[in-house]
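Dear colleague,

Here is the model I promised to pass on. Please open it next to this note; my findings follow.

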Amino acid sequence: MRLSRRALLAATTAATAFSSAPPASAARHPRRLRTGFEQLAAHGYAQLDGQRVGVVTNPTGITRDARHIVDVMHADDRVNLIAVFGPEHGFRGTAQAGGSEGRYDDPATGLPVYDTYLKSGRPLADIFTASGVDTVAFDIQDVGARFYTYIWTLYDCMEAAQLAGKRFVVLDRPNPVTGRAAQGPVLHKEFATFVGRQPISQAHGMTVAELARLFNGEFLTAPVALETVLMTGWKRSEFYDTSGLPWVPPSPNMPTPDTALAYSGTCLFEGTNLSEGRGTTRPFELLGAEGVDGRWATAVGELGLPGVHFREAYFAPTFSKFQGKTIGGVQIHVHDRAAYDPVRTGIALLVTAKRVWSGFAWRSDNWIDKLTGSTQVRTAIDAGAGPDEVVAGWQEELAAFRATRREYLLYR
């Protein structure tokens, strides 16, 4: 089965390379980034020809001029778009964290919208079957972190498409925090949840098309008929603001690319009794709790972490933890994105918060273990380990994942 998967991936890559060749006009702008959807449209939707198509997407599935791809395809006679599948927060993005929009008909297009949130396996396959589609396409902006649920929507939809006998086409978009390296602990399978289905690193450093190839080659019980439509003009070292694309918050608490840069480290505070900044204008960049004072910013600042400064901060979340209360903590200020390591920074913030604030506690359900992927981080910090010791604890597993990951990368 391993050999057949490799052969399938090789064939898929070859087909993708042909279909994603830049149009003649691109020669005048060789470095302009073009998303997978832009490439698909530029080639007349050839990969969807003769297919009844459904799209898994959300508000981030837009064109360069901020039109939604569903609206664009629905108005184009070259595409037979018959369904939309909405993830967490919904297709049009009306739901908060942990919510979705349910089943409805989209007022703008009249298309049926099916809810995929928290659905997987045969129940999700049955939705694809009931929708009448031949091909499921995926176009959602990821933010580069294992616990951001859209990549597991991708995984679940790939698995369900295979069960339902459907083709699966991934329209690629940039990793907004670059694709330079994988960082952080690797999930242990016994801690698998919707914030981590399979053993990848906390910051994966991949695009959704690369992840789809990884999922197909390593984790799915049987591979789906996968095609990927690649970007042109993207380099692994580039941050989102070089793309020329508009930023649409992929979820309500991901307002800017700066948020995404911090998120793969500071989302770990969801596993504590401190606020991770939800309910502020700077979620995941502001962290704090009642009783925290300037000692925390001083303690973490003294570690000399590269690329980041820490400022004593006070804020009052409008919802979530400490709603309406003024609390103390830190604000993260990244001054050198290339040097900044968000996962190591997140660990250093946890270690120092526990040392300087007597009220520090993990969530009673040990949610931190689901976020980090094992008990290693929590138990090491509880035992008094410093940031270097905690980070050293996952290096062997990370090296193994990096070797596997390398086989599925599509860009330089």
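How many of the 15 residues of helix 5 are buried? Twelve are, so the helix is mostly covered; buried means under 20% relative accessible area, exposed over 50%, and partly exposed in between, with a 1.4 Å probe and protein chains only.

A word on the source before the rest. This is a predicted model, in which local features need pLDDT of at least 70, side-chain atom pairs count only at pLDDT 80 or more, and totals for chains, interfaces and linings use all residues. Residues are numbered from 1 along each chain as its sequence is written, and side-chain values use heavy atoms, with hydrogens and water left out.

The whole chain

The chain has 13 helices and twelve strands. These are DSSP runs, numbered from the N terminus: helices are H or I with at least four residues, strands are E with at least two. For 412 residues, a compact globule would have a radius of gyration near 22 Å, and the 21 Å of the chain agrees with that. The radius is taken over C-alpha atoms, and the globule rule is 2.2 Å times the number of residues to the power 0.38. Along the principal axes, the C-alpha atoms fill a box of roughly 65 × 45 × 45 Å.

Of the 412 residues, 58% are buried. Among contacts (heavy atoms within 4.5 Å) with a separation of 6 or more, 74% join residues 24 or more positions apart. The accessible surface is about 15600 Å², and carbon and sulfur atoms hold 52% of that area. Areas come from the Shrake-Rupley method with a 1.4 Å probe; for residues, only the protein chains shown count as cover.

Charges next. There are 42 positive and 42 negative side chains, and the centres of the two sets lie 3 Å apart.  Lys and Arg count as positive, Asp and Glu as negative; His and the chain ends are not counted. Each charge is placed at NZ of Lys, CZ of Arg, CG of Asp or CD of Glu.

Helix 5 covers residues 150-164. From first C-alpha to last, helix 5 reaches 20 Å, close to the 21 Å expected at 1.5 Å a residue. That expected span is 1.5 Å times one less than the number of residues. Its buried residues include Trp 152, Asp 156, Cys 157 and Ala 164. They pack against several elements, among them strand 1 (52-57), helix 4 (121-131) and helix 6 (208-219). Gly 165 follows helix 5, with a positive phi near 70 degrees.

Arg 213 sits in helix 6. Arg 213 is buried, at 7% relative accessible area. Its C-alpha is 33 Å from that of Asp 365, which is 152 residues away along the chain.

Helix 7

Helix 7 (residues 257-266) has eight of its ten residues buried, so the rest of the structure largely encloses it. Tyr 263 and Ser 264 are among the buried ones. Their cover includes strand 8 (201-203), strand 10 (286-289), strand 12 (327-334) and helix 9 (342-356).

Two positive phi values to check

Tyr 45 is not a glycine, yet its phi is positive, about 60 degrees. Tyr 45 lies in the loop between helix 2 (36-42) and strand 1. Tyr 45 is buried, with a relative accessible area of 2%.

Leu 118, also not a glycine, has a positive phi near 65 degrees. Leu 118 is in the loop between strand 4 (112-115) and helix 4. Here the residue is exposed, at 59% relative accessibility.

Best regards
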